[in-house]
Amino acid sequence: MLTLNEVNVYIGDLHILKDVSLFVKEREIVALLGPNGAGKTTLAYTIMGIYKPKRGYIKFMNKIIDGLPTYQIIREGICLVPEGRRLFTTMTVKENLELGAFAPHLRSKKDEILEWIYSIFPVLKDRSDQLAGTLSGGEAQMLTIARALMAKPRILIMDEPSTGLAPKLISLLFNIIKSLVEKEGLSVLLIEQRVRETLQIADRAYVLENGKVVLEGPSKSLIDEEKIRSAYLGI
């Protein structure tokens with residue numbers, strides 16, 4: 001579905017991503033791991049059209065998308081769940097969700113999509129008239145994911161979704177991610193610092209260091225990869 005081929009990204013004079021190649025297939029969870037400053041968020045922003053590759057290309061469903069504006073990339077079927085949630089805290093849960101269905105072709109289906117969202121996240125239906133800024137950390141993260149799902153994407157890019165969550169909620173979050181793939185048919189590119197938990201649910205993984213892919217492979221094989229355990233991930 002999604003392919004990056006030798007993507008190079010500069011921010012000013014800084015060469016952030018260096019010949020990065022990766023792919024995500026249908027109904028697949030792909031983990032993107034690596035230390036802070038490796039370029040993981042830059043890669044997510046590049047897929048979303050916020051940064052433009054200087055060299056290389058990005059394809060989605062066999063269509064080059066790296067020259068498209070962000071709103072068009074969302075309409076093509078890719079959505080980002082950003083790190084730090086970034087909700088509209090003075091708006092209600094329902095209003096935040098409705099903003100996710102901003103594309104013209106979705107507006108007439110907004111109520112139908114809302115009911116689908118509420119079937120996945122029943123707590124959001126209970127909180128629909130509550131201000132987003134009053135939600136608990138776990139509820140706020142659910143709302144962030146749900147807002148992205150309102151755009152009916154085919155791929156979700158999730159940037160550090162477990163940040164700030166208690167261990168019990170992290171377990172719930174990872175179960176939700178698995179369910180989105182297994183029951184809803186989505187694909188997920190999962191950027192995470194919680195390495196062991198991520199590799200346990202992911203099909204494949206890439207390790208990024210200093211803007212380069214330094215390891216890749218099936219997740220189960222990388223859990224025992226000594227290079228990952230000691231040098232890159234500290235486990």
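The points below take up the sheet and then the cavities.

1. Please keep in mind throughout that this is a predicted model. Its open sheet is built from four strands, which run in the order E2-E1-E4-E5 with antiparallel pairing. The edges are formed by strand E2 (14-24) and strand E5 (63-64), each of which pairs on one side only.

2. Within this sheet, strand E1, covering residues 2-11, and strand E4, covering residues 55-60, are paired in the antiparallel sense over five bridges; in that pairing, Asn 5 stands opposite Tyr 57 in E4. Helix H1, residues 40-47, packs on the sheet and touches E1, E2 and E4, and its direction makes about 110° with that of E1.

3. A search of the whole structure for cavities of 30 Å³ or more finds two. The largest cavity holds about 70 Å³ of space, and its lining includes Gly 138, Gln 141, Met 142 and Ile 145, together with Leu 165, Leu 169 and Ile 176. Helix H7 (137-149) and helix H8 (167-182) each contribute at least two residues to this lining, which by residue class consists of seven nonpolar, two polar and no charged.

4. The second largest cavity holds about 30 Å³ of space, and among the residues that line it are Ile 74, Arg 75, Phe 102, His 105, Leu 106 and Ala 151. Here at least two lining residues come from each of helix H2 (70-76) and helix H4 (104-107), and the lining divides into five nonpolar residues, two polar and one charged.

Methods. Residues are numbered from 1 along each chain as its sequence is written. This is a predicted model: local features need pLDDT of at least 70, side-chain atom pairs count only at pLDDT 80 or more; totals for chains, interfaces and linings use all residues. Side-chain values use heavy atoms; hydrogens and water are left out. Two strands pair if DSSP finds at least two bridges between them. Contact means heavy atoms within 4.5 Å. Axes are lines fitted to C-alpha atoms, for helices over the stretch in contact, and angles run from 0 to 180 degrees between N-to-C directions. On a 1 Å grid over the protein atoms alone, a cavity is a set of points where a 1.4 Å probe fits but cannot get out, and a pocket is an open set with protein on both sides within 12 Å along at least five of seven lines; lining residues have an atom within 4 Å of a point. Grid points are joined across faces, edges and corners, and a volume is the space filled by probe spheres set on the points. Ala, Val, Leu, Ile, Met, Phe, Trp, Tyr, Cys and Pro count as nonpolar, Asp, Glu, Lys and Arg as charged, and the others, Gly among them, as polar.
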